[in-house]
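User: I have a chain open on my screen and want to go through it. Can you take my questions as they come?

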Amino acid sequence: MKKFFLAAAAGTFAGIIATTQITGPLLAQEAEQQSSVYQQLDLFGDIFERIRSQYVEDVDEAELIEAAINGMLTSLDPHSSFLPPDDFTDMREQTRGEFGGLGIEVTQEEGFVKVVSPMDGTPADVAGMEAGDFITHVDGESLLGLTLNEAVELMRGPVGSEIIITVVREGADEPFDVSIIRDTIKLTAVRTRTEGSTVVLRVTTFNDQTFDNLASGLAESVEELGGMENVNGFVLDLRNNPGGLLNQAIAVSDAFLNAGEIVSTRGRSPEDGERWNARDGDLTEGLPIVVLINGGSASASEIVAGALQDHRRAIVVGTRSFGKGSVQTIMPLRGDGAMRLTTARYYTPSGRSIQALGVSPDIVVEQPRRDPETSESEEETQGFSRTEADLRGSLDNDSITEDERRLLEEERAKVEEAAQLREDDFQLAYAIDLLTGLRALGGTE
C-alpha cells in the first residue's frame with residue numbers, strides 16, 4: 001500500500017511537471033500571437049493616418065473603413081462580405097420577393113463576376129444570359145480588380161435604364177455585348193403547371209413565399225387533374241435556382257418526406273452543429289418525383305436535391321449542380337449595415353458535403369442548344385412526310401369503333417405534344433417520360 005501511494009505521488013508529481021512543461025510554452029505562444037495581433041492593428045492605424053494626411057486627394061474616412069472591413073471579409077471566401085445600409089435593405093427586399101435590378105444571381109471567380117443563374121422571366125433571362133457566363137465589363141468599364149459588391153453596384157440603376165454588359169461564354173469564340181433594360185424584379189417563387197398527367201413544380205428561388213406557393217400550387221394542379229389518383233408523378237424543377245433561405249429549403253424538402261434527416265450543418269465548433277429532420281406528411285402521397293438540376297442550381301436547391309436523392313425519394317436528372325455547400329449568417333451591425341459571414345458547411349443526410357463538388361444527378365441529361373437553321377430545315381422536311389392515310393383511295397380501318405378511333409386520336413395527340421416538349425425543353429421532357437415509364441411499370445403501387 002505504501003509503495004502504491006508513493007507510486008501515485010510520483011505519478012502526480014510527474015504529471016505536474018509535464019503539465020507545467022506543456023502549458024508554459026502554450027501560454028507563451030498565445031501571448032505572442034496576441035501581441036502580434038495588436039501590432040497588426042497598430043500597423044492598420046498607422047496606414048489609416050498616413051492616407052488621411054498624405055494621400056494626394058481628400059478621402060472619405062467612412063469609405064476607407066468600409067473598404068477595409070469589406071476587404072477583410074472578402075479575403076475569406078466568395079460569399080462573405082460587408083453590407084452597407086443600402087445593400088442590407090436590398091437584401092431584405094429580395095427575400096420578400098420584389099426588388100429592382102437585372103434578375104441574376106452572381107458570384108466572383110478569378111476576378112470577374114460569374115453568373116450563378118438568371119431568374120425566370122427577368123430582364124437578364126429575356127436577354128439570354130446563362131449560368132456560367134462571365135461578366136467582364138459593365139458599360140465598357142472593366143470589373144477586374146473590383147469587389148463583388150462594387151461590381152454589383154455598377155450593375156444597379158434606375159428602372160427602365162439600359163445597361164450594356166460584356167460576356168465571356170464557354171463555347172463562344174469572342175466576348176460579346178448584351179443589352180439589358182433594368183426593371184422591377186417580382187419573383188414568383190413557385191410556378192406550377194400540368195403536362196399531361198404530370199405536375200411540374202418550377203421553383204425559381206427560396207424566399208419567404210416559397211413553401212406556401214409550392215403547397216398551394218401543388219394542391220391546385222392535383223385538383224385540376226381530378227385528384228391524386230389521376231396524377232402520373234411530379235417534376236420538381238430546380239434548374240437555375242440560385243438558392244436563398246435555409247428554412248425554406250428545409251420546408252420544401254419536408255413537403256416530400258415523412259421522416260429522416262433533411263440536412264445538417266457543422267460550424268467551427270462542434271457545439272455549433274445543427275440537424276433538421278422531416279415530419280410526417282408527404283404532400284405527393286408517395287407518388288414518384290423527378291428533380292431537375294443544372295449548373296445554375298445552388299445552395300438551397302442543392303439541399304433539397306441532396307435530401308431527396310439520399311432518401312431515394314426522387315430521381316435526380318440533369319447536370320451537376322453549382323456546388324455551394326456553405327451557410328452564410330447575416331449579422332446586423334451598428335449603423336444599419338450588416339455582415340454576411342460564412343459560419344458553417346451543410347451536409348446531406350448521408351453525411352456528404354457538396355462544397356465545390358455539387359450534387360451529381362442519378363441520370364445525366366444535357367440540355368441541347370437548338371440551332372435555328374437546323375430546326376427550320378428539320379421542320380420543312382417533316383412537313384413533306386406522308387402516311388397510308390394520305391394516299392388517295394386508301395382503305396379505311398374497319399376493325400375499330402368510332403370510340404376506339406377517338407381514343408387513338410387522343411393518344412396520338414398526347415404523343416405529339418410530348419414530342420414538341422422535347423423540342424422546347426429536352427430535360428423536362430425526359431423527366432416526364434421517366435415518370436410515365438415508372439407508372440407503366442407499377443412504380444407507384
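User: Which strands form the open sheet, and in what order?
Analyst: Six strands form it, in the order E10-E11-E12-E15-E16-E19, and their pairing is mixed. Keep in mind that this is a predicted model.

User: Which strands stand at the edges?
Analyst: Strand E10 (190-195) and strand E19 (363-364). Each has a single partner strand, so one side of each has no neighbour in the sheet.

User: What packs on the sheet, touching E10, E11 and E12?
Analyst: Helix H6 (residues 210-224) does, and its direction makes about 20 degrees with that of E10.

User: And in what sense do E11 and E12 pair?
Analyst: Strand E11 (residues 198-203) and strand E12 (residues 233-237) are parallel, with five bridges. Arg202 has Asp237 in E12 as its bridge partner.

User: Which strands does helix H8 lie across?
Analyst: H8 (residues 300-310) lies across E12, strand E15 (289-293) and strand E16 (315-318). Helix H8 runs at about 145 degrees to E15.

User: Which residues of H7 are buried?
Analyst: In helix H7 (residues 246-254), the buried ones are Gln248, Ala249, Ile250, Val252, Ser253 and Asp254.

User: Next, Thr284. Where is it found?
Analyst: Thr284 is in the loop between E14 and E15.

User: Buried or exposed?
Analyst: Thr284 counts as buried, because its relative accessibility is 0%.

User: What does Thr284 touch?
Analyst: Leaving out residues up to four places away in sequence, Thr284 touches Leu218, Met228, Phe234, Ala255, Phe256, Ile289 and Arg313. With Arg313 there is also a polar contact between the two side chains, at 2.8 Å.

User: Changing topic: how many aromatic pairs are there?
Analyst: The count comes to one aromatic pair. Phe44 and Phe48 make up the pair, with ring centres 6.5 Å apart and planes at 15 degrees.

User: Why is that pair stacked?
Analyst: Planes under 30 degrees apart count as stacked. The planes of Phe44 and Phe48 are at 15 degrees, so the pair is stacked.

User: Where do the two residues lie?
Analyst: Both Phe44 and Phe48 are in helix H1 (residues 2-54), and they are four residues apart, about one turn of the helix. In an α-helix there are 3.6 residues a turn, so residues three or four places apart point the same way.

User: Is each of them buried or exposed?
Analyst: Phe48 is buried, with a relative accessible area of 16%. Phe44 counts as partly exposed, at 41% relative accessibility.

User: What lies over the face of Tyr347?
Analyst: Arg266 does, at 3.8 Å from the ring centre.

User: How many bridges join E17 to E18?
Analyst: Seven bridges join strand E17 (residues 326-332) to strand E18 (residues 338-347), and the two run antiparallel. Ile330 stands opposite Arg340 in E18.

User: What about the residues between those strands?
Analyst: The hairpin of E17 and E18 has five residues between the strands, and Gly335 takes a positive phi near 85 degrees there.

User: Last one, the whole chain: how many helices and strands are there?
Analyst: The chain has eleven helices and 19 strands. Of its 445 residues, 36% count as buried. Of the contacts between residues at least 6 apart in sequence, 67% join residues at least 24 apart.

Definitions and conventions: Residues numbered from 1 in each chain as written. Predicted model: local features only at pLDDT ≥ 70, side-chain atom pairs only at ≥ 80, totals over all residues. Heavy atoms only, no water. Phe/Tyr/Trp six-rings, centres within 6.5 Å; stacked < 30°, edge-to-face > 60°. Buried < 20%, exposed > 50% of the residue type's maximum accessible area, 1.4 Å probe, protein only. Lys NZ or Arg CZ within 6 Å of the ring centre and 35° of its normal. Pairing = 2+ DSSP bridges. Contact = heavy atoms within 4.5 Å. Axes fitted to C-alpha atoms, helices over the stretch in contact; angles between N-to-C directions. Polar contact = N/O pair within 3.5 Å; in protein donor to acceptor, adjacent residues only side chain to side chain.
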